Amino acid sequence: LTPSTTYNFSIYPYSNSGATIDYKTDGTVPTQSEATAASTYNAGDIVISEIMYNTPSVDEEWIEIYNASGSSITLDANWTLENTDPTTNYTFDGAVTIESGAYKTIQMGTSGAFPFTPDLVISGSSNKLNNASSTITIKSEGVAIDVVSYSDSAIPATDGDGPSLVLSSLTMENSDMTNWVASAANGGSPGTSNSVTIWTSASSTDMSISGNWSNGAPSSSVSGFITSSTSVIPQVSSAVEIGALRVASGESISIQSGSLKIVGDIVLDGSMELTSAASFIPMSSVEGSGSATI
């Protein structure tokens with residue numbers, strides 16, 4: 001039953017049983033209403049913040065979770081993790097406590113030497129995350145706290161090329177794959193803040209100014225995300241190097257002069273303007289439904 005919910009019951013008396021059961025249908029049917037207790041935790045208290053679903057060689061799969069609740073949470077038997085493909089239903093055992101504002105990693109499967117020490121291991125099959133797509137759900141007392149459906153078509157660079165899927169911002173809706181980017185570094189950033197910074201245009205239109213980004217200016221190890229939160233078009237007028245770049249639908253980037261070098265992948269769902277005095281240097285794939293003009 002769902003917490004904090006009133007359920008109404010109609011109670012039909014009967015006699016006999018089996019094929020001869022006889023329900024009372026005349027008179028007033030007795031009814032009863034009861035409310036279930038409130039759940040201890042609410043949707044969004046735990047956030048799935050990073051997913052490594054397909055590594056370059058053998059499967060070394062994991063997810064990262066973040067505690068956004070404001071207090072520590074012990075992942076006891078009231079907490080479960082479900083994955084649709086391959087089907088995985090795991091009940092936590094209380095061995096892991098995640099402090100407020102902290103990250104924890106969960107090993108979903110391994111076929112070799114795992115690249116780091118995870119906080120929790122789901123043992124068994126070597127592959128618990130489908131290499132193409134799946135849905136991961138974390139529940140508490142049967143209530144869905146976070147649900148993420150990932151797909152290798154969203155950001156192809158995360159499909160076995162080395163980078164993980166990282167949530168651009170912990171305040172963004174993580175069920176929307178347009179709010180995810182490829183990690184700037186191969187192997188991702190397990191257990192730590194994701195290396196992503198979001199364009200805010202707080203100071204000017206200059207893409208190289210640290211104050212114009214949520215987490216400082218992007219670099220070769222920090223990905224940049226130009227989202228729909230601003231109408232100010234970022235401009236490149238010097239040599240700028242960035243880990244990976246995502247330009248959301250409806251957004252633009254203008255390279256006036258100098259150069260923009262993308263070490264990782266670029267997902268261009270918006271638009272890019274490139275003048276004859278500038279250069280654009282993609283070191284990996286360019287994906288997305290957007291367009292570039294020169």
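Strand β20 (residues 239–242) and strand β23 (residues 258–262) pair in the parallel sense over four bridges, where strands are DSSP runs of E of at least two residues, numbered from the N terminus, and two strands count as paired if DSSP finds at least two bridges between them. Within this pair, Ala 239 stands opposite Ser 259 of β23. Ala 239 also belongs, with Glu 241, to the uncovered face of β20, whereas Val 240 and Ile 242 make up the covered face. The model is a predicted one, in which local features need pLDDT of at least 70 and side-chain atom pairs count only at pLDDT 80 or more, while totals for chains, interfaces and linings use all residues. Residues are numbered from 1 along each chain as its sequence is written, and side-chain values use heavy atoms, with hydrogens and water left out.

The protein chain contains 28 strands and zero helices. Its radius of gyration, taken over C-alpha atoms, is 24 Å, well over the 19 Å that the globule rule (2.2 Å times the number of residues to the power 0.38) gives for 294 residues, so the chain is more spread out than a compact globule. Along the principal axes, the C-alpha atoms fill a box of roughly 90 × 45 × 40 Å. Of the 294 residues, 42% count as buried, that is, they have under 20% relative accessible area, with exposed set at over 50% and partly exposed in between (1.4 Å probe, protein chains only). Lys 24, in the loop between β3 (22–23) and β4 (31–35), is partly exposed at 41% relative accessibility; its C-alpha atom lies 63 Å from that of Gly 250, the two residues being 226 apart in sequence.

An open sheet is formed by four strands in the order β9-β8-β13-β14, with antiparallel pairing. Its edges are β9 (88–91) and β14 (143–151), each of which has a single partner strand, so that one side of each is left without a neighbour in the sheet. Strand β8 (residues 79–83) is joined to strand β13 (residues 133–140) by five bridges, and Asn 83 has Ile 136 as its bridge partner in β13.

Two loops of this sheet carry backbone features of note. Pro 86, in the loop between β8 and β9, is joined to Asp 85 by a cis peptide bond with omega of about -5 degrees. Glu 141, in the loop between β13 and β14, has a positive phi near 55 degrees and is partly exposed, with a relative accessible area of 31%. Most residues other than glycine have a negative phi, and most peptide bonds are trans.

The structure holds one cavity of 30 Å³ or more, a cavity being a set of points on a 1 Å grid over the protein atoms alone where a 1.4 Å probe fits but cannot get out. The largest pocket, an open set with protein on both sides within 12 Å along at least five of seven lines, has a volume of about 180 Å³. Tyr 103, Leu 167 and Asn 215 are among the residues that line the pocket.

Technical notes:
1 Å grid on protein atoms, 1.4 Å probe; cavity = no way out; pocket = protein on both sides within 12 Å on 5 of 7 lines; lining within 4 Å. Points joined across faces, edges and corners; volume = space filled by probe spheres on them.
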